[in-house]
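Visitor: I am new to this structure. Could you walk me through it in short steps?

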Amino acid sequence: MSTLLPTFRLAAPRTVAEAIAARRDHPAARFVAGGTDLLVNMRRGISSPDVLIDLSGIDALTEFRIDDNGVTIGAGVTIAALARHEVIAARYRALAQAAASIAGPGHRAMGTVGGNLCLDTRCIYYNQSEWWRHANAYCLKNRGDTCHVAPQGQRCHAAFSGDLAPALLVLGAEIDVLGEQGLRRLPLSQLYIEDGKAHLALADGELITAVRLPPAPPASAYAKIRTRAAIDFPLAGVAVALATSGPAIASLDVALTGTNSRPFLLAGTDALAGRAIDDKLLAEVDRLVQKQVQPMRTTLTSANYRRVAAAALARRLIADLRPA
Amino acid sequence: MHAPASEPKKRLLRLRLNGRWREDAVGETQLLVDYLREVAHLTGTKTGCDGGECGACTVLVDGEAVPSCITLVARCEGRSVETIEALATQGRLSALQRAFHEKLGAQCGFCTPGMIMAAEALLRDNPAPTEDEIRTALAGNLCRCTGYVKIIEAVRTAVEAGS
Amino acid sequence: MSVDAGTRPPRRGVPLIDGVEKVTGRARYTADLDHAGALVGRILRSPVSHGEIVGLDVSAARNLEGVAAVVTGDDCPYTYGVLPIAMNEYPLARGRVRYRGEPIAAVAAVDAETAQRALELIELKIRELPAYYTPAEARAPDAILLHDNKPGNVEREVHHQFGDIDVGFAAADLVREETFSCAEINHAQIEPHASLSEFDPLTGRLTVQTVSQVGYYLHLMLARCLDMDTSRIRVIKPFIGGGFGARVEALNFEIVTALLARAANGKVLMELSREETFITHRARPHTDIRLKLGMSKTGRMTACELQVVQRGGAYAGYGIITILYAGSLLHGIYDIPAAKYDGYRVYANLPPCGAMRGHGSVDTRHAFETLVDRMARELGLDPFAVRRANLLHAPTRTVNDLVVNSYGLPECLDRVERASGWKERIGRLPPGKGLGMACSHYVSGAAKPIHFTGEPHAVVHLKLDFDGGVTALTGAADIGQGSSTMVAIAVAETLDVSLDRVRVVSADTAVTPKDNGAYSSRITFMVGNAAIDAARKLKELLIATAARKLEARPEDVECENETFRVGHGEQSALRFADVVAAALVNEGAITVKGAFTCPPDAQGGKHRGGAVGSTMGFSYAAQVVEVSVDDATGQVSVDKVWVALDCGRAINPLAVEGQMQGSVWMGMGQALSEETRYLDGLPAHASMLEYRMPTIMDSPPIETHIVESYDPNGPMGAKEASEGALAGFPPALVNAIANAIGIDLNELPATPDRIMDALIERRRKARLSRALKAAS
Ligand SMILES: Cc1cc2nc3c(=O)[nH]c(=O)nc-3n(C[C@H](O)[C@H](O)[C@H](O)COP(=O)(O)OP(=O)(O)OC[C@H]3O[C@@H](n4cnc5c(N)ncnc54)[C@H](O)[C@@H]3O)c2cc1C
Ligand code: SF4
Ligand code: FES
Ligand code: FES
């Protein structure tokens, strides 16, 4: 039996310019890179673009360069390529760890950096079949008018669950975004908005072309909580980058995913510079995390658990990065 | 006679399937797994979930193990696709197939084609994997029968046979 | 009972006789069958949990071009089900729907797209009724009834008492009572459900190829629901991608596919999505347990009181049997002098539960082995010692009249205790690491079949023809467990011919003798015995022929390695082919029949429901589980499992190991991460992502030890090997977690959030008691 997909046309641009043009011609079109998120969602009927613009034939998007200015990772670079890159593993460890923790090997072989950054947000009321959502009168994020997670509120709390973003955030990543108005470069943190229904600050038709990382990053690590040791999206994911001078913190950055509608950098870590990494400090970080994360009932695992576990991961990663 | 409701849009696709180039008219929205099973009549590749979650449909595209149930066949233009049917050659089971058979790496056998293809991709890339590497390579393939114990044993047996 | 393991050499492991098909992709499962020209079947399912169907208009769907048939509840006024007394389900709802996802109508169309459009054209109006998702809600005094004849929405109550529990509890040094709750789980076999039905209007015959583990029951239900003569129906089992109980009853979509095929006068292929496969369900119910145990200072059990409440879902299915099993299988493993059991199977507006590997025994065993461990701890006793203090002595009968003829549990205990280094390691592990153990058992087939017809429990035919090939015909469904291989081995060995000479044809009701199917681990014991019986008869016949040719007395003829001879005389040796040729003279192709019947004294006690749990032989298992628990995140990882199983005799040790590993691992899934979750009756778990079955990364090495107790009635001494080890895993895990971090969990699965909640609760209590101390 053939699987039912919404009907669409497939466009196969060879250059980014063609991709942007295709998108201008078909405003309701979607870009597809690895398709490991979008096609799953299309099979469930939660996305039904009339045109798919296939980015996989654009060579420019697979640039992967490391030089004195840092690292440039094309949006079309696969998660697998990122995970097995030796320089990334050695110098940008959080990123390699995050990449290796994504889904299963088949998804990593197809999935891309751009797709991972632009991953749709997730919710147990949303990532369901058409029959299911119809029986549940849909929801704010898709065709409906209430949110089943927070029925009183007016916004969607679906959780951003990509693993790369927090690692890239603590490593100071910038992204190149190409649109009809040309190319702009912005800090990755500016890509995201705390709104599960519209979590990306991309203008219509804009395309991420590359991610840039500065050279000489501090030591970093990434860890995620999930029910199973593979396949699962993060219930909470934490990245930490830590620079020390002697026993004291020179700089500390913590970023989280899986808990909010956007991945975000923990606020308030600047004030910890100069402090020793002791239990008291770890307890403070724990409190900061617990205060700033906003997990909601978007997963079958309880929201409170995700909050507590996120804080525990942050503590552990910092303690582990602490120089011996 | 009943007629289909609508004629889906088709395009001509050329790909190398199990070593042989072929051309077919395929729908733009057709998934690789449906192409393999319904057009090429290669039913060794299985469907175990509603998309991207179980690994039963794993095939090799240009040597990489990928889930064919979330791969559009149109994107395989000019590429090489290999399925479980290609592994036994000249009347002989491949080392992996033999090991899965002899070590009982397959009970009901439903996850087996996907599992073997994922292992095949691993061994081509890394002929002497550690147990951890074997586990990592098969992490996207679910099996409900074996507890994976004999699957790991089978892959190790194939590795030894190959060295 | 002495266990004479080691006195006979272990048998040789044999790969599955259909293994080559599986590793090459040639094996055809239902969805792989030739379905050229077949229509596509699709089902319209209820969007609500409970309601009255007040309008159902299928005319627009019927008129859509490309639609060949639409069927509704009007097309089938007959119920189906498992027990003849409890068939309360229609293949397509009539008048009322009782769970979200219940089939209401179905279409057959030229392609999937058209079928989908046809479903969308069906107009359905439902007046909603209050829905109940917990036994407490369903049993509330003002709850409306799901089924009019079941007051209180209780499908079945069971009250059993054996021995005097008051005396028992009075004699105890320690009495403890705890409540446990085990989440509902699903079989989640990797093959989604599928069925291919063909109705030939010219001959009036129906042929069904489907994923059933029980072709015979399906055959009966098809005849009933389609009002057809059984002789016009043929049910064929293709390769099956796992069952685990999911397919041990006739399932609605199978009957619906047949209804469509008949309505369309053609062939219909129905492939359910993974979500629909989950909704079809029939698996282990959510179970709440209250357990009270009395124990002497030495660990001897004195009395036991067990209450079990199962949330059975919307229809009866196997429910009555499950709730009976939950009580009866308290017994059969330890010597419990007095026990009281109260069981309640309650309806709820959720997909119907049914049988799943370890049917009925698992959650009871979990509560029991967990509480025993905690009491041992309180009494300062070793967990192994407590089990050893309560062993049975076979042959014996339990207080509830179950016969136990062979009992290898003592040896199982010894084996895993030694292999795991228990004595040296327990209490000496680093923080966060723990060891736990538990025992379990299971039946080798129900001694009394569900449909009692007076027929033998199993029949096997053997055909021997001019080619010298022996074809074994059995109705037993090989669903991946390797039963066909077992039959081949039993026949080949009895005949002393090479395994390649034997071919097994299984589960085709037009060809193979009826079999009750693949459930309650009955096949090895019953079909194995029937196969040996048939092979013995065939051998007798061949020996008689050889004796005639050799002019000797049959008792002097030896048959070894396909050669017949008298004494050691080489020149008088006859080859197998020669004897076959001689045997066929004047006879033609030979068919012999073997059968197996359980003697009445093994069929359970006289009390109501006493037959459930009765069996010719119990398998026994003991296991040790080693875990690491991260007390910062609540995450548990299983580092290693040692398991020993008494399967009587391992006819095929390779397959026995595979079954042991698979069953322990399935127990691990239930213990660690698997659970179904409904949001207002909608299955939120119905995908391979949200239903968290362990991946290879979560799965530990499982070291197997086969214990052979040689059951006096088992084929070659064998008993079941596929289920017995499952139920021990969850309690062993929970006991290991207690050992690692001192947390006693009463809920399954032991997900990180549940462990974290328990840790937070412990910290809260510690703070409270510190505060109290400071205040006083
Ligand atoms: C079972 C399963 C488990 C998974 N587990 C994880 C997990 O643990 N962690 C995790 O992070 N992800 C997980 N994923 C999701 C997914 O596989 C990965 O996130 C992957 O990296 C997505 O990349 P892609 O190229 O396949 O995205 P696509 O599906 O191609 O695209 C995703 C979205 O990004 C947009 N997009 C893609 N490229 C660009 C671009 N260059 N510019 C602008 N927009 C773009 C698309 O339009 C689409 O909306 C899982 C998926 C499945 C099916
Ligand atoms: S958070 Fe609310 S609006 Fe958003 S997807 Fe979930 S249910 Fe829908
Ligand atoms: S069928 Fe499950 S991943 Fe493709
Ligand atoms: S062998 Fe049955 S699912 Fe793996």
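Visitor: How far from an oxygen atom of ligand 1 does a polar side-chain atom of A:Lys224 lie?
Guide: This is a predicted model, where local features need pLDDT of at least 70, side-chain atom pairs count only at pLDDT 80 or more, and totals for chains, interfaces and linings use all residues. Residues are numbered from 1 along each chain as its sequence is written, chains are lettered from A and ligands numbered from 1 in the order in which they are written, and side-chain values use heavy atoms, with hydrogens and water left out. A polar contact is a pair of N or O atoms within 3.5 Å; within protein, one must be able to donate a hydrogen and the other to accept it, and residues adjacent in sequence count only if both atoms are side-chain atoms. For A:Lys224 and ligand 1, the distance is 2.9 Å.

Visitor: How much of the accessible area of ligand 1 does the protein cover?
Guide: Accessible areas come from the Shrake-Rupley method with a 1.4 Å probe; for residues, only the protein chains shown count as cover. On its own, ligand 1 has 970 Å² of such area, and the protein covers 97%.

Visitor: Which backbone N or O atom lies 2.7 Å from an oxygen atom of ligand 1?
Guide: A:Asp37 has a backbone N or O atom at 2.9 Å from a ligand 1 oxygen. The 2.7 Å distance belongs to a backbone atom of A:Ala33.

Visitor: Which chains surround ligand 1?
Guide: A residue is near a molecule or strand if one of its heavy atoms lies within 4 Å of it. There are 34 residues around ligand 1, with A:Arg30, A:Phe31, A:Thr36, A:Thr112 and A:Asp163 coming nearest. The site is shared between chains, because the residues come from chains A and B.

Visitor: How do the residues around ligand 2 divide by class?
Guide: Among the residues around ligand 2 are A:Cys123, A:Cys139, A:Cys147 and A:Cys156. Ala, Val, Leu, Ile, Met, Phe, Trp, Tyr, Cys and Pro count as nonpolar, Asp, Glu, Lys and Arg as charged, and the others, Gly among them, as polar. The shell around ligand 2 has nine nonpolar, two polar and one charged.

Visitor: What is the strand order in the open sheet of chain B?
Guide: Strands (E, at least two residues) and helices (H or I, at least four) are DSSP runs, numbered from the N terminus. Two strands pair if DSSP finds at least two bridges between them. This sheet has five strands with mixed pairing, in the order E2-E1-E5-E3-E4.

Visitor: Which residue in the turn of the E22(C) and E23(C) hairpin has a positive phi?
Guide: Four bridges join these antiparallel strands. Two residues lie between them. Most residues other than glycine have a negative phi, and most peptide bonds are trans. With a phi of about 50°, the residue is C:Asn561.

Visitor: What is omega for the peptide bond from C:Ala394 to C:Pro395?
Guide: C:Pro395 lies in the loop between helix H11 (383-388) and strand E16 (396-397) of chain C. The bond is cis, with omega near -5°.
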